[in-house]
Amino acid sequence: MKPLFVIPARGGSKGIPGKNIKPLGGKPLIAYSVEVARQLAPDSDICVSTDDPAIADVVREMGLEVPFMRPDYLATDNCGTYEVLLHAVKFFEKLGRRYDTMVLLQPTSPLRTADDVRRCLEAYTSDVDMVVTVVEAASNPYYNCYETDSDGFLHISKGDGSYVRRQDAPKAWEYNGAVYVINIDSLKQMPLSKFPRRRMVEMERSRSIDLDTPLDWMVAEAVVAQMPK
């Protein structure tokens, strides 16, 4: 298995302006993902995909080459991660460098560890589309997750509502955004949301913070402050 590690870092963040290079615990947010990738791959197999010169400068200050600047059409609010990942694959293929798997590390998951990534790599086999990290869902569709019907009344999302204890309900999982190990052949055929063959690796909730809002950032700062130096 030859993985390409991709760290996508767009400059135009709305929820937390400049978040990818905003200091968290004394270092730029993106540094957490770069450091994890470096524990598992040589720099030549790590690609930070960004449209922002300021982000590129911070990455270069860490000693990591930025292989390209993302074109403008991949830097809009409407552009999804799928197109960004395909662009990275095609860039390296034009250089004659082919990878069979991709490890996607989003900068917004700074508390993931190299061991979390390693467990995903160990769970991956070539007959699956993706291995993805998950955390037990905060709301369970069999127990405390509801939908409204055409009359506006609440009904349990799944099942008949007979579970009276959460621990008796089937477990439900949600992506935590930390690690994706992707079959590149599958990626070329369809976006990640369409993959039919997905395996999960569970992560602890304490490492599953996904930075999307200022409140998320405050929580991450508190956690990082308690981490051993």
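Thr 101 stands opposite Asn 183 in strand β9. The model is predicted: local features need pLDDT of at least 70, side-chain atom pairs count only at pLDDT 80 or more, and totals for chains, interfaces and linings use all residues. Residues are numbered from 1 along each chain as its sequence is written, and side-chain values use heavy atoms, with hydrogens and water left out.

Strand β9 spans residues 173–183. Strands here are DSSP runs of E with at least two residues, and helices are runs of H or I with at least four; both are numbered from the N terminus. β9 pairs with strand β5 (residues 101–104) through four bridges, and the two run antiparallel. β9 is also joined to strand β6 (residues 130–136), by six bridges and again antiparallel. Pairing requires that DSSP find at least two bridges between two strands. β9 is mostly covered, with eight of its eleven residues buried. Buried means under 20% relative accessible area, exposed means over 50%, and partly exposed lies in between (1.4 Å probe, protein chains only).

The largest nonpolar core holds 30 residues, of which Ile 30 and Leu 105 touch the most other members. At least two core residues come from each of β1 (3–8), α1 (29–38), β4 (46–49), α2 (53–61), α4 and β9. A nonpolar core is a set of buried Ala, Val, Leu, Ile, Met, Phe, Trp, Tyr and Cys residues joined through side-chain atoms within 4.5 Å. Leu 105 has contacts that include Phe 5, Ile 7, Val 36, Val 117, Ala 178 and Val 179, leaving aside residues up to four places away in sequence. Contact means heavy atoms within 4.5 Å. A second, separate core has 23 residues, among them Leu 4, Tyr 82, Tyr 99 and Leu 192.

Charged pairs were examined next. Side chains of opposite charge can pair when their charged atoms come close. The whole structure contains 14 salt bridges. Each is a side-chain nitrogen of Lys or Arg within 4 Å of a carboxyl oxygen of Asp or Glu. Glu 35 and Lys 27 form one, at 2.7 Å from N to O. Glu 35 is partly exposed, at 34% relative accessible area. Lys 27 is partly exposed as well, at 25%.

Helix α4 (residues 114–123) carries Arg 118 and Asp 115, three residues apart, about one turn of the helix. Their side chains meet in a salt bridge of 3.9 Å, N to O. Arg 118 is partly exposed at 34% relative accessibility, and Asp 115 is partly exposed at 41%. Arg 119 and Asp 116 form a salt bridge of 3.1 Å, N to O. These two residues also lie three apart in α4, so about one helical turn separates them. Arg 119 is partly exposed, at 28%. Asp 116, by contrast, is buried, at 0% relative accessibility. A network of salt bridges links Asp 115, Asp 116, Arg 118 and Arg 119 with Glu 204 and Arg 207.

Leu 215 lies in helix α6 (residues 214–226). Leu 215 is exposed, because its relative accessible area is 57%.
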